[in-house]
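Here is a short briefing on one protein chain.

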Amino acid sequence: MHRLFRTLAGLLTACLLFLTAASAVQARSKHHVTFGAWTPGSPFGGDLGPINQLQRTLRRHIGIVNWYQDWSTDASHFSWNVTKAVDGIRRSHRKAMLTWEPFKPGPWEAYSNQAIASGAYDGYIRQWASGVAKLRQPVYVRFAHEMNGDWYPWGGPVNNNSSASFKAMWRHVVDVSRGAGARNIRWVWSPLVEDSPNTPANHFEHYYPGRKYVDVLAIDGYNWGSGTPQFGGWRTFKHIFKPGYKRIARLGRQPVWVAEVGSASDGGDKGRWVRSMFADARRWKRLKAIVWYNQDKERDWSALGVASAFRR
């Protein structure tokens with residue numbers, strides 16, 4: 001009788017272990033990472049033609065549409081353009097993510113963090129935000145991205161800025177926008193995955209404005225390829241993003257996105273790079289979205305040459 005009980009107990013333990021393992025595999029398989037993209041021409045004026053064409057070519061659903069706007073356009077027209085874009089994206093059953101850049105061509109000093117935080121542009125921000133509020137649907141606003149770099153007027157290392165002045169500026173813009181009724185904005189905080197310059201004072205953690213002011217934690221990064229060794233050369237998605245993913249996930253419980261990513265072609269197999277990107281992303285449980293930068297710019301970041309790698 002004791003032997004029978006031991007046998008039954010052993011079988012029960014084995015079954016429980018099997019079910020636990022099966023549940024873990026099922027949970028991993030259900031982890032969904034939304035794919036998004038920026039491609040020239042969409043969604044200005046509500047034109048989703050270019051993004052729809054990209055989706056057909058890649059044969060992968062594009063669930064997030066990103067685009068870029070600075071402050072050089074009159075706020076009323078800006079709001080109108082955002083309205084048309086967001087409405088087109090909504091009708092296509094996608095999420096809208098506007099990368100909102102707080103400057104316009106001209107002297108950088110006019111758009112320092114201190115100037116914006118002091119209220120110099122409150123009228124512009126308020127008028128724009130009131131237009132967004134009328135949309136009555138969520139809009140993801142990726143504001144002042146890559147602040148831990150030195151190539152934008154809001155960057156901490158330039159323009160007499162600092163991480164403290166950036167946080168003050170960010171909170172001020174969010175407060176003014178909310179005061180104008182734009183509670184439908186989902187604020188996307190998006191540093192570069194690798195600090196530039198890589199100094200202790202410039203680590204992206206210092207720029208985090210706090211849970212109250214951030215709805216999505218995001219990171220940007222690129223595989224620059226062997227032709228640009230000064231930017232790391234050819235590296236895998238995991239090599240570029242895993243350390244930064246761990247760092248940013250510690251800042252809060254918000255979802256994590258890769259808000260801007262691309263790969264050059266020289267130095268390795270770009271198609272294999274893309275496939276490994278999706279494979280790695282499914283293993284990182286906090287990662288909820290990847291947004292591809294589909295443009296031939298500094299390097300050929302376009303997805304078109306390796307379209308088959310994007311197919312599900």
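The points below go topic by topic.

This is a predicted model. The chain averages a pLDDT of 90, and 89% of the residues score at least 70. The structure holds 9 salt bridges and 34 aromatic pairs.

**Confidence**

- Residues 7-29 keep a pLDDT under 50.
- For residues 7-29, the model has 1 contact beyond four places in sequence.

**Around glutamine 55**

- Glutamine 55 sits in helix α2, which covers residues 49-58.
- Glutamine 55 has a relative accessible area of 22%, so it is partly exposed. The cut-off matters here, because buried means under 20% and exposed means over 50%.
- Leaving out residues up to four places away in sequence, glutamine 55 touches Arg60, His61, Ile62 and Arg94.
- With isoleucine 62, the side chain of glutamine 55 reaches the backbone nitrogen at 2.8 Å.
- With arginine 94, the link is between side chains: a polar contact of 3.0 Å.
- Glycine 36 is 19 residues from glutamine 55 in sequence, and their C-alpha atoms are 9.7 Å apart in space.

- Aspartate 87 forms a salt bridge with arginine 91, and the closest N and O atoms are 3.2 Å apart.
- Both residues belong to helix α3 (residues 75-91). They are 4 residues apart, so about one helical turn separates them.
- Aspartate 87 is partly exposed, because its relative accessibility is 28%.

- Arginine 142 and aspartate 220 meet through their side chains in a salt bridge of 2.5 Å, N to O.
- Arginine 142 is in strand β4 (residues 139-143) and aspartate 220 is in strand β6 (residues 216-223), so this pair ties together parts that are 78 residues apart in sequence.
- Arginine 142 counts as buried, at 0% relative accessibility.
- Aspartate 220 counts as buried, also at 0% relative accessibility.

- The side chains of arginine 299 and aspartate 266 form a salt bridge at 2.8 Å, N to O.
- Arginine 299 lies in the segment after β8 (287-293), while aspartate 266 lies in the loop between β7 (256-263) and α8 (270-283). The pair therefore ties together parts that are 33 residues apart in sequence.
- Arginine 299 counts as buried, with 17% relative accessibility.
- Aspartate 266 counts as partly exposed, with 24% relative accessibility.
- Back in the salt bridges of aspartate 87, shared partners join Asp87, Arg90 and Arg91 into one network.

**Aromatic pairs**

- The structure holds 34 aromatic pairs.
- One of them joins tyrosine 140 and tryptophan 257. This pair is tilted, at 5.0 Å centre to centre with 35° between the planes.
- Tyrosine 140 is in strand β4 and tryptophan 257 is in strand β7, so the pair ties together parts that are 117 residues apart in sequence.
- Both tyrosine 140 and tryptophan 257 are buried.
- Phenylalanine 143 and tryptophan 187 make an edge-to-face pair, because their planes stand at 80° and their ring centres are 6.2 Å apart.
- Phenylalanine 143 lies in strand β4 and tryptophan 187 in strand β5 (residues 185-189), so this pair ties together parts that are 44 residues apart in sequence.
- Phenylalanine 143 is buried, with a relative accessible area of 0%.
- Tryptophan 187 counts as buried, at 0% relative accessibility.

**Aromatic cluster**

- Phe143 and Trp187 belong to one aromatic cluster.
- That cluster also takes in Trp71, Trp100, Tyr111, Tyr121, Tyr124, Trp128, Phe166, Trp170 and Tyr207.

**Arginines over rings**

- Arginine 60 lies over the face of phenylalanine 278, at 3.7 Å from the ring centre. Arg60 is also among the residues that glutamine 55 touches.
- Arginine 247 lies over the face of phenylalanine 204, at 4.0 Å from the ring centre.

Terms used
Residues are numbered from 1 along each chain as its sequence is written. Side-chain values use heavy atoms; hydrogens and water are left out. pLDDT is the predictor's confidence in each residue, from 0 to 100. Contact means heavy atoms within 4.5 Å. Helices (H or I, at least four residues) and strands (E, at least two) are DSSP runs, numbered from the N terminus. Buried means under 20% relative accessible area, exposed over 50%, partly exposed in between (1.4 Å probe, protein chains only). A polar contact is a pair of N or O atoms within 3.5 Å; within protein, one must be able to donate a hydrogen and the other to accept it, and residues adjacent in sequence count only if both atoms are side-chain atoms. A salt bridge is a side-chain nitrogen of Lys or Arg within 4 Å of a carboxyl oxygen of Asp or Glu. Rings of Phe, Tyr and Trp (its six-membered ring) pair if their centres lie within 6.5 Å; planes under 30 degrees apart count as stacked, over 60 as edge-to-face and the rest as tilted. A charge sits over a ring if NZ of Lys or CZ of Arg is within 6 Å of the ring centre and within 35 degrees of the ring normal.
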